[in-house]
Amino acid sequence: MGMQRRNEILFDLSFEAYRARDGISVTTLKEMRRSPKHYRHALLKPRHSAPFALGRAAHCAALEPQRFASDFAAWTRRTSSGAMAPRTGQHWEAFAAANAGRELITEDQHALACDIAASIRSHPDAMKYLRTGRPEVSMFWRFLGLQCRGRIDWLHESDELGVVLVGLKTTRDIRSEQFGRQAKSLAYDLQWGSYALGWQEITGRRADRVVEICVEPKPPHDVGVYTVPDEVLQRGADEYMTLLEQLDECQRNDYWPGALPAEQTLILPTWGDEEIIEGIEYAE
């Protein structure tokens, strides 16, 4: 389990330092909903992908524009035909060496991150929260004897609105029904509930509001702002506690079963109701 840590909130902790700290993240814990076997695989082999890189870049451009300018470098070299040059060979190696310590993204990823950020920062309801606050706030707390962690995209505190935990998500469609389906499919309520619970465990008081800013990654990058209702937060917190209890049992017994530990009778689903849900995210 690692060393015992007290409940704490840390500002200005880098993403790498946050990931290096002990703690169960809700991003990985979501895999317990499928099976303990899937959770253990996700823990041992975290995913890294182009959407992961773009998600981090878009978050940084929207929430920390100064750090985006200093910490990200765009590969802009093109071939004689105008196509993006491959990220191999001596030119790429020289570019990588000259930008050691920075995140390397493509020119297209850089432009898209800037466009997404500009759309978010031009939205009045989004800026009501983003005008004041702190980005990428790291929380560490113990719950049910387990070390947990979470990283709030934005923490807003003001006399007018109180304490607001603000998230930022991408979605194919910001409209309520469409984003609601994505939220249900990707278990956003689990994340919202766990962060609200973590904040309360650390501070001894409830957040006044949990808000999700969502943006479409394709032009015109439409933006929406949703307040998460208390019943959704409670449902997410309840499932979070249930999954932690299951995880604790798996750890104590060193037993990580798959989704079907025993033979079952097949039940066919109702056809035609399924929809593929996509979003650009990065693991916290």
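Glu177 is exposed, with a relative accessible area of 55%. Its side chain meets that of Arg181 in a salt bridge. The model is predicted. The structure holds 16 salt bridges, while a search of the whole structure finds zero disulfides.

**Salt bridges within a helix**

- Glu177 and Arg181 pair with an N to O distance of 3.2 Å.
- Both residues sit in helix H9 (residues 176-185). They are four residues apart, so about one helical turn separates them.
- Arg181 counts as partly exposed, because its relative accessibility is 32%.
- Asp71 and Arg67 both belong to helix H5 (residues 65-71). They too lie four residues apart, about one turn of the helix.
- Asp71 has 26% relative accessibility and therefore counts as partly exposed.
- Arg67, at 32% relative accessibility, is partly exposed as well.

**A salt bridge between strands**

- Glu136 forms a salt bridge with Arg151. The closest N and O atoms of this pair are 3.5 Å apart.
- The pair links distant parts of the chain. Glu136 is in strand E4 (residues 134-143), and Arg151 is in strand E5 (residues 146-158). The two residues are 15 residues apart.
- Glu136 counts as buried, because its relative accessibility is 5%.
- Arg151 is buried too, at 6% relative accessibility.

**A salt-bridge network**

- Glu16, Arg56 and Glu103 are linked in a network of salt bridges.
- Side chains of opposite charge can pair when their charged atoms come close.

**Cysteines**

- A disulfide is a covalent bond between the sulfur atoms of two cysteines. The search of the whole structure finds zero of them.
- A disulfide needs the two sulfur atoms within 2.5 Å.
- Cys250 has 9% relative accessibility, so this residue counts as buried.
- Cys214 is buried as well, with a relative accessibility of 0%.

Conventions:
Residues are numbered from 1 along each chain as its sequence is written. This is a predicted model: local features need pLDDT of at least 70, side-chain atom pairs count only at pLDDT 80 or more; totals for chains, interfaces and linings use all residues. Side-chain values use heavy atoms; hydrogens and water are left out. Buried means under 20% relative accessible area, exposed over 50%, partly exposed in between (1.4 Å probe, protein chains only). A salt bridge is a side-chain nitrogen of Lys or Arg within 4 Å of a carboxyl oxygen of Asp or Glu.
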